[in-house]
Amino acid sequence: MQRRELFRHLSFLTLTGGAVSLTLPSSAKSLVAASPLKRDLFKELGIRTFINAAGTYTAMTGSLMHDYVVETIEDASLQFCMLDEVQDKVGEKIAALVHSEAAVVTSGAFSAMTLGLAGILTGMDQKKVEQLPHLEGTDMKSEVIIQKAHEIVYNHALKNTGCRLIYIETREQLEAAISEKTALLHFLNIEADKGQIKHEEWVAIGRKHGIPTSIDIAADVPPVSNLWKFNDMGFSFVAISGGKAIRGPQSAGLLMGRKEIVAAARLSMPPRGFNIGRGFKVNKEEVLGMYVALDSYIHQDHDKEWKEWEAATAVIHQAVKPVKGVTTEIKVPALGNITPTLHISWDPQTVKLTGKDLQERMRNGEPSIEVGDVQQYQIAITVWMLKPGQEKIVATRLREELSRAAG
């Protein structure tokens, strides 16, 4: 069977119910099975791979997609379709899953923030779409208000539209800052405990003044309920990453919220050009992969998963706890990356190394292991990105290095 015959015999992609069906005929499957072994490009190119005991960091390529997500991406790559139609159909399914009026797959949470604000600024006016990020001389609004405690580098996503960011601390300052130029009130969930104004009040103030509100929850799943919590709360749009706990493509994310905002946002994203979001491209493979990942994540047994994390964390905890001079504590972050996190600290008079030393020894050992939250005499370990059984490897290596340093 020739390659062109394989493509001709591929079954047509269908979206049915809550799942994606992408199938190969038996003749095509036999051809795939008979294909030569895949190249190990990591080995060929000399790229270091490692066990990830640190978490879902972009620099560490996020998370690992499940096999069914990879299979969806591979199968989707074998068919042509219209990108807008894929986004339409997938957006409807995702919106129903997350309790929003509409949704669209974006190239990460950062782009979702840019696109959501762009949709608010331009509405469905194509001329305004083409003018962004040049707001001067237009009637478009030009300011976004954010709490000072929510000031992070990723807010630059909002600046991409040409808007100016105004930071406030109190409700009185917020009320005074609101003007005819105010386009959006933006909220950062992971720092919600640091700002004086909480979620519900933020939304209420936006409603009072007729100003849209948005929230960045990029890494704030689990819990799974956060996928719909802020839509139910009334935020105008919500931005989240797809390549963390959901384990969709690392290059994907979600913009979910009011129908008119999402519709307008799509005017500033591919396949359309002449807009600020042309570089925020996601193709059919990522859109479908994101949908399958999200659908599966929502319906999985999260209690079972949590118990598995606790058990794996306990293996590492029990391995390092007896080392002289070592202190351990398991904590669960309150707002983002909510997973059991093992904090390992030590007395430098007994364990003669720094956090950076331990990080380098774990990184340069065999196998290579990445740890998180490296401080002077402390590191943190999370197990949610480990493959089954890797917790034993991490436990053994940590005990070896700490015991050696304790001499």
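Six bridges join β11 to strand β12 (residues 341-346), and the two strands run antiparallel. One of the pairs is T327 with S345, its bridge partner in β12. The model is predicted.

**The four-stranded sheet**

β11 and β12 belong to an open sheet of 4 strands, ordered β11-β12-β15-β14, with antiparallel pairing. β11 (326-331) and β14 (372-375) are the edge strands. Each has a single partner strand, so one side of each lacks a neighbour in the sheet. From one strand to the next, the twist averages 15°.

Two helices contact this sheet. α14 packs on it and touches β11, β12 and β15 (378-382). The direction of α14 makes about 165° with that of β11. α15 lies across β12, β14 and β15. It runs at about 135° to β14.

**Helix packing around α16**

α14 and α15 also meet helix α16 (residues 390-406).

| Helix pair | Axes come within | Crossing angle | Handedness |
|---|---|---|---|
| α14 (residues 302-320) and α16 | 9 Å | roughly 20° | right-handed |
| α15 (residues 355-364) and α16 | 11 Å | roughly 130° | right-handed |

The axes of α14 and α16 cross at roughly 20°. That angle makes α14 roughly parallel to α16. On the α14 side, the contact residues are A312, V315, I316, A319 and V320. They meet E391, K392, V394, A395, L398, R399 and L402 in α16. By class, this contact has 9 nonpolar, no polar and 3 charged residues.

The axes of α15 and α16 cross at roughly 130°. α15 is therefore oblique to α16. L358, R361 and M362 are the α15 residues in this contact. Their counterparts in α16 are V394, R397, L398, E401, L402 and A405. The contact of α15 with α16 has 6 nonpolar, no polar and 3 charged residues.

**A covered strand, β5**

Strand β5 (residues 143-147) is mostly covered, with 5 of its 5 residues buried. In a regular strand, side chains alternate between the two faces of the sheet. In β5, E143, I145 and Q147 point one way. V144 and I146 point the other way. All of these residues are buried, E143 and Q147 included.

β5 pairs with two strands. Its link to strand β6 (residues 164-168) has 5 bridges, and the strands run parallel. I146 has Y167 as its bridge partner in β6. The link to strand β7 (residues 182-188) has 4 bridges and is also parallel. There, T182 is the bridge partner of E143.

G289 lies in helix α13 (residues 284-299). Is G289 buried or exposed? Its relative accessible area is 0%, so G289 is buried.

Which residues does G289 contact, leaving aside its neighbours within four places in sequence? They are V69, T72, I73 and P249. G289 and E74 are 215 residues apart in sequence. In space, the C-alpha atoms of G289 and E74 are 9.3 Å apart.

Conventions
Residues numbered from 1 in each chain as written. Predicted model: local features only at pLDDT ≥ 70, side-chain atom pairs only at ≥ 80, totals over all residues. Heavy atoms only, no water. Buried < 20%, exposed > 50% of the residue type's maximum accessible area, 1.4 Å probe, protein only. Pairing = 2+ DSSP bridges. Axes fitted to C-alpha atoms, helices over the stretch in contact; angles between N-to-C directions. Parallel < 35°, antiparallel > 145°, perpendicular 65-115°, else oblique. Left-handed = near helix turned anticlockwise from the far one by under 90°. Contact = heavy atoms within 4.5 Å. Nonpolar A, V, L, I, M, F, W, Y, C, P; charged D, E, K, R; others polar.
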